[in-house]
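Take a moment to look over the sequence and the fold.

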Amino acid sequence: MVTPNNAEFLQNIQSKWQKKWQQARSFHADANPYHKKKFFLTFPYPYINGLPHVGHLFTIMRVEAFARYKRLQGFNVLFPQGWHATGSPIVDAAQRVREGEEKQLKILRDCGVPEADISKFAEPEHWISYFVPEYRKDIQSLGLSIDWRREFFTTELNPHYNKFVQWQFSILKKKGYVKKGKFPVVWDPKNNCPVPDHSRIEGEGETPQEFLLVKHKLKNGTSIVTATLRPDTILGVTNLYINPDVMYVRAKVDEEDWIISKKVAKALADQDKKVTVIEEVQGSSLIGQTVLEFSGLSVPILPAFFVQEQFGTGIVHSVPSDSADDLIALDDLKKDTALCQKYRLDMAMVKAVEPISVLDVPGFSPIPARDVLTQLGIKSQHDRQKLEKAKDILYKKAFYEGKVNKLYQKARFKGLSQDYAGQPVEKAKEGIKHDILNSEFGDVYYQLTGRVVSRSMMECVVRIVEDQWFLDYGDPVWKKLAHDALNNLTLYPEKARAQFTYVIDWLHQWACTRETGLGTRLPWDEKWLIESLSDSTVYMAYYTIVHLLQKIDVRNVNGALFDYVFLDENTGKLLVDKKDADAMRREFDYWYPVDFRNSGKDLIQNHLTFYLFNHTAIFHKDKWPKGIGVNGWVTVDGSKMSKSLGNVIPVREMVKTYSADAARITILTGGEGMDDPNWDTEFARSIIPKLEQFYTLARDVAAAKDMTTAKDRAAAKGTAAGETSTGKTSTDGGRYTMKPIDLWALSNLHQIIHDATALMEETSFRSAIQKIFFDLQRLLRWYLRRTKNSPNTTVIKELVDAQAVMLSPFTPHLCEEIWSMLGKKGLACEASWPVAQQDKIDEQANAAENLVQETAADIQSVLKLLDIQKPASIALFVSPAWKYQLFAIVRKQLDTTRNPAEVLAAVMKNAPAELRSHGQDISKLIPKLVQGGLPPMILPQEKELAALRDAVDFLSAEAGCPVQIASADEASEPKAKQAQPGKVAIVVKQ
């Protein structure tokens, strides 16, 4: 028996079905170009310096559920899995083992490494040989439907894969996309080396971001320097803001004097600048001075305490027309006489500072920041939460919808190289930036998009590195190809498209090599190793041939082979048998392109966008990706997952505690779309007995025989109108005949199949589970309750069969057990997804049963209200006929107006004389109908009567007394007139 804290039943069947899948080779997928449509999907290969935990589970389970669903849809599905070892994390960890670092040793012990074996991890190679099988074992325990023949790991330790990566980079170099030069990288100041993503303990995905430095010139020639990402607003600068309490520095930067923050002075020295600090400068000493702007204006320096030293240069140039922060600070200062006196500011000068309109933004005045301050009710610069919201609103509207205004006409300002007036901000921004950089007012500075901490525990900086190889993602031709790829693929969810578009536009050069770690040597410059993100962009193609390629002597693997297989080009001599090369080409041609690649939303800014770029550079257009899925970051019981909180749950512990099926359905119920999914421990516990209830029901159904005859099925047409069938019951609990309740059950089943199929297609798995498991279980419970546990045997089996198949992508082991118990041939994973039959979706049957359900509930409510435990009898009255006419007319009028007076006038004008005779009642009823709405479907009076009469035995049993059904038209009972279509009047007798 399964209890909320005991998953023994589910755990006992796991290994049984996993062995059967393995014996049947259920998930082996081979090219079958003439017989079956294909679906190829992938999960990013995980870095193998540890074991899988709950943070990995959601992303891989999305791929797994989609893979199983597509198989049930009749696709030949390839779901392979490999392992990533490229980079420095393993090398660094091995070094820490050699040094005996206790923290690293504890990590290995927590992964289950025996004490006697820990010393072996001093060698980087051992991490691969240990963690590959251990990681595989853990995800195999979940029952993932992976074709393990196509497994591989990365780095030059795998010579076949190593040659594939070198081929990839040779193609990129040949096409001019790999270049050499100076480049900003994330830098570890302790180890003096670049820090790729997998070498970070914090800040994965963060990159150097280019800021425009703007010089604001004091009369003595010194420049006060600010940093911005919005050069498009440069002509709107009205003043500078400096924090009076901050100590800045005056530094000689190359040949110029700059005033900047101490942090920036230090950072610039790493960014190809010669920096010498001359003196410290108190912020307050600069207040009140004026500076010359790029626009030609002279503007004042004003105090603002919202300016923080760690952001930008620690100094802000103010554009109050388009920055809510800048404008509210200006408003506050104009009212703060004491502060102005403290810094000897001329109040007249301060009050004369007014916003300068620079952008035309749809839906806003020429000063958008003023509109948003008013809209959000922001009264002070200390209202930080609302100001952050204002910043978000203004940025999105201005950047994506705004245009630069007439101030940017070249005729008005000679510092511009072209006439930008009327151009979209997105387009004008780069041109204006170029103009500022070409003047004496501009320079470049790089800052990380977020905090990065390396595995040496050092906070990283940006450094300009010379002699660096980089991928030129800034190439406009390449960007156009990436946009073409994006425009021709499906995104799951579609809302991710704007972020992909932004990243494609924003990406420039990407440092693709480093000097340390594991990996693949750059084929033309072996001093360098290819960086881990850069060698991970097209390896999905390798999955298609790896099971064949690894049988070939690596000495016979060359670029000509890969050209032949992947590009259908004869560029050199093949060193392998042509039959082998043709077999590989058939596999690639059949499986490619990738239909679904899923990863976390944080990888849009690098890996997933690189994936698009590199596919367009290497493969023919028909091999470009067809679909990409993205999802959020896993939380645990509503809290951010963190080792310090102790809520990082290993997959092996989840399976051991809750079972594979409970873990699978729990994580996929935790979220969908790009929202952060949540692992809910209480749900994991509570789902176990619910799954057992499904098993118990299926077991009972399996014991019943299908005794429905052709005669019985023909009789269903008669009972559909409300005729009560003979109700003959078989000895095993089944029933011969069809009743309206059976038709209702089939109608709802096929509606669920229809809805669930659409949800599965868009990978909305949480909503699909709601339909397939919870809604269908409610249907089953009501169906059995209504039939007094004597359902039609055909209908109940169709319900259970469909649920077993549709639930199998989420709880495959349980569903296989049920499928077998039902006596089905073959495996559930090889069955066919049920098809929604539209002719079985009967809205009238649904409305009739909804009336029965609501009537049963209303009876209980009335008995509770009257405090009657044992009524003598209950009379139910169906609405008088005239109300059905009224409801039909009102429904038509509500399509044009929701005004009760107009609806009433239209009804009284168009209604027949018989209906108008109820004018007094109609005038009272219509306002309620307009406000409360009408039922989705209104059955005719005779069908409501038929539905209730067919259910009279059920209603009587539920009420514990005889129930009579009558029409209000035939009743003398005054309360009967209160009945309405879809809602009976109830009279209780004691």
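Which residues of α28 are buried? They are P812, H813, L814, C815, E816, E817, I818 and W819. Keep in mind that this is a predicted model.

## Helix α28 and its surroundings

Helix α28 is mostly covered, with 8 of its 10 residues buried. What do these buried residues pack against? The partners are α1 (8–24), α2 (54–72), α22 (660–669), α23 and α27. Just after α28 comes G823, which takes a positive phi of about 80°.

Helix α23 spans residues 681–703, and helix α28 spans residues 812–821. Their axes come within 9 Å and cross at roughly 10°. An angle under 35 degrees counts as roughly parallel, so α23 is roughly parallel to α28. On the α23 side, the contact uses L691, F694, Y695, A698, R699 and A702. On the α28 side, it uses L814, E817, I818 and M821. By type, the residues of this contact are 8 nonpolar, no polar and 2 charged.

Look at the spacing of these numbers along each helix. An α-helix has 3.6 residues a turn, so residues three or four places apart point the same way.

## Helices α26 and α27

Two packed helices are described by the angle between their axes and the distance between the axes. Helix α26 covers residues 765–786, and helix α27 covers residues 793–807. They pack at an angle of about 165°, and their axes are 11 Å apart. Are they roughly parallel or roughly antiparallel? Angles over 145 degrees count as roughly antiparallel, and therefore α26 and α27 are roughly antiparallel to each other. Their crossing is left-handed.

Which residues meet here? From α26 come I772, F773, L776, Q777, L779, L780, Y783 and L784. From α27 come V795, I796, L799, Q803, M806 and L807. The residues of this contact divide into 12 nonpolar, 2 polar and no charged.

Strands of a sheet pair through backbone hydrogen bonds, either parallel or antiparallel.

Strand β1 (residues 38–42) pairs with β2 in the parallel sense over 3 bridges. Within this pair, F39 stands opposite V77 in β2.

## Other strand pairings

A second open sheet has 3 strands in the order β27-β26-β28, with mixed pairing. Its edge strands are β27 (639–640) and β28 (678–679), and each pairs on one side only. Strand β26 (residues 635–636) pairs with β28 in the parallel sense over 2 bridges. The bridge partner of V636 in β28 is W679.

Strand β17 (residues 442–448) is another case. Of its 7 residues, 6 are buried, so β17 is largely enclosed by the rest of the structure. Strand β6 (residues 208–217) pairs with β17 in the antiparallel sense over 7 bridges. There, E210 stands opposite Y446 in β17.

## A loop residue: E309

Where does E309 sit? Its place is in the loop between β13 (298–303) and β14 (315–318). E309 is partly exposed, with a relative accessible area of 29%. Leaving aside neighbours within four places in sequence, E309 is in contact with V246, M247, S261, K262 and G314. V890 is 581 residues away from E309 in sequence and 66 Å away in space, C-alpha to C-alpha.

## The whole chain

Now step back. The chain has 35 helices and 31 strands. Its C-alpha atoms fill a box of roughly 100 × 80 × 55 Å, taken along the principal axes. Of the 990 residues, 57% are buried. Among contacts with a separation of 6 or more, 75% join residues 24 or more positions apart.

Note on methods: Residues numbered from 1 in each chain as written. Predicted model: local features only at pLDDT ≥ 70, side-chain atom pairs only at ≥ 80, totals over all residues. Heavy atoms only, no water. Axes fitted to C-alpha atoms, helices over the stretch in contact; angles between N-to-C directions. Helix = DSSP H or I, 4+ residues; strand = E, 2+ residues; numbered from the N terminus. Parallel < 35°, antiparallel > 145°, perpendicular 65-115°, else oblique. Left-handed = near helix turned anticlockwise from the far one by under 90°. Contact = heavy atoms within 4.5 Å. Nonpolar A, V, L, I, M, F, W, Y, C, P; charged D, E, K, R; others polar. Pairing = 2+ DSSP bridges. Buried < 20%, exposed > 50% of the residue type's maximum accessible area, 1.4 Å probe, protein only.
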